[in-house]
Amino acid sequence: MKKLFLFITIISFTFLSFAQEAEIVLPEVTTYIPGAVEQKLVITAEELEAAHFENLGEVLESAGIQMLSYGAYGLETKASIRGYTDETVRVVIDGICVNNAQYGTFDFTSINLSAVERIEIIRGGFTEGVEDEGSVGGVVYITMKKGALKNSLAAEVGLKTFFNAERPLDSVFQKLSFEGRFGENTFLMAGGSLNYAQNRYLYKVDKISSLCEGAFGSASTSGRWKSMENAPVLDGQANASLTHYLGDGNYFSFGDSFYGGHKSAPGPVNSANPGLQRDYNNSFSFSVWNPALANLFNLKNSVVWLCNNRFYQDKAGSENSTHYINTIKYTGTIDFTSLAGGRLQKMTGYSCDFTILNSTNDGQHIQFSAVIKDTTKFAVPGGWSFSLPLAAKICVNDDKINFAFVPKTGVAWQGEILGAFFDVYRMVQFPNMDDLFWEGGGWHGNPNLKPESGWGADLGMTVRGLSFAGQHEIKGGLTLFSNYYKDKIQWGSGTTQNLSSAFYLGLDFNIEASLFAGLWTLDLNGEYLYNRLLNKANKYTYGKRIMWTPDFVCNLTTALNFELVKISLTATYTGRRYTDNMNLYYLEPYLLMGLSVEGAEIGGRKTVIKFKPYLKLDNLLNWQYQSVENYSMPGISLTLGGRISFL
């Protein structure tokens, strides 16, 4: 991997002398559609760089999204939006859905955040985009960097400690990135990361060896401190993409991204049989983009080969497995932008994928799935716009066929400052390959599973650009949502099964404030959720809350942006979560506080080399908590780091 980084760097500087300004002219596109029905939370590359996140999971947590985590860096993490988790939360990178076909999730440590241009988060099942149709809980759209007119090379190193005397220096994170010109109209993006985390943090257990919960090391509970064992992670990521512009914004791009990780899996705290999981993922993509053809439509075609290989073995040798997944995906989209004088917009997309699975636990299977989606939007005078997304999806697993029609509709109004929207949508989630075919550990899949399905509705309001005295600006949104969902797939009684139905009611909110001309900023994101199981056939769970779903999740980030230093304070709250659907036992709420200090760049405008130091204190209250039952989470930690760039 190091040789690859060195090769990319040498090639990049070889072409530095040939860099010239490329003129890229985009035709004008007229549109009078003022409002979007879906509400997006956008996180830019600048915000990602300033926050020094370790992985994508931390980014989502900062957006007020619940994360189901099994430990510190590199260990399994799942996002839960509006009470839905796993494959119901889709991850789409440059228009391609990258959720794993076998188990439906995405590894949040496998993407290098320094290569990301923008992240857009949509909560719920209403999506206007036509790249993929599979969202129930929400979608995370990720746009990767395509190029920069100026050449730059940057490196970042972070050193982390959990204040464990046995392991003072616990983790090392390293990132390297290059962006710039590879020729007159050709742009190169390349980068990588190499990380090692011993994850030997301290946690506290009580007299009966149960995990303690509470602030300041559970000071109110007598017990003993233990050091996490068998949890080291060594992983790395490398990515490179080449984009060539043909004029008027037309371009083609191809790239490759590789991730390799050796992850010790300690299991729950009472486990005496840890395992080792090795992941090797590769993604090769090719895209052609033709924007605003004839001032009428955008056209994009993408082909991706996804290769996901996983090897697992436990200490006792009782469970050893291999999983090979190869998927070819195609996505084509056409976006008409100037119909009816700019008052009508149509977006049509088609995506399909073919997957071959060879798994110790699932056996050998093939899967074909396809989605065709059309979104029509039109505007009427007065700031109103209407949206009608329609999708048809099919999935074939060997000889099992699932088909669904997914209609949606919404209306939005946008004024100068205030906006409002209302939408109604259907949600459908097909079972993944593990749900259907898994055999092992006393569990087995169920090939007779029905797709999960339901209906949802959102009612929201937005505020944008509310200014006071020319120095203060506030924007944000509030969304009331409701869902009725049936045939939810859950593992239980030795197999997978469809639960009858459930009801969801909640409130999403986000507020961004820039005060005193940006000197003080506030960012508040969160979700309140009420849900109940409605399976009358099970009197023990009827009317009870769905397990693992907190009633309240919230993140507040406040920052002081001085000329020489930026100081940020974060607070993340996660409410009570029941560990069973009978609601007999629960995990205590927890509050995680964090402090980060980032210094100004050292080096003037004409300086070629610039350096920016930073430090982060996570879990300032040393809160002992569980995100998932019987899995200890890390307490207080300190990360010292710096970013050096060559311009």
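A residue is called buried under 20% relative accessible area, exposed over 50%, and partly exposed in between. Keep that in mind for the last stop of this tour through a predicted model.

**Stop 1: colour by confidence.** The protein chain has an average pLDDT of 89, and 94% of the residues score at least 70. Now select residues 1-27: here the pLDDT is below 50, although the stretch has 44 contacts in the model beyond near neighbours in sequence. Where pLDDT is low, the predicted coordinates should not be read in detail.

**Stop 2: an open sheet.** Next, show the five strands that line up as E1-E6-E7-E4-E5, with mixed pairing. Which strands are at the edges? They are strand E1 (40-44) and strand E5 (96-97), each of which pairs on one side only. Then select residues 116-123 and 138-144, which are strands E6 and E7; seven bridges join them in the antiparallel sense. For one of the residue pairs, pick Ile121 and look across to E7, where Val140 is its bridge partner.

**Stop 3: a single residue.** Finally, click on Leu507, which sits in strand E29. Is Leu507 buried, exposed or partly exposed? Its relative accessibility is 30%, so Leu507 counts as partly exposed.

Methods
Residues are numbered from 1 along each chain as its sequence is written. This is a predicted model: local features need pLDDT of at least 70, side-chain atom pairs count only at pLDDT 80 or more; totals for chains, interfaces and linings use all residues. Side-chain values use heavy atoms; hydrogens and water are left out. pLDDT is the predictor's confidence in each residue, from 0 to 100. Contact means heavy atoms within 4.5 Å. Two strands pair if DSSP finds at least two bridges between them. Helices (H or I, at least four residues) and strands (E, at least two) are DSSP runs, numbered from the N terminus. Buried means under 20% relative accessible area, exposed over 50%, partly exposed in between (1.4 Å probe, protein chains only).
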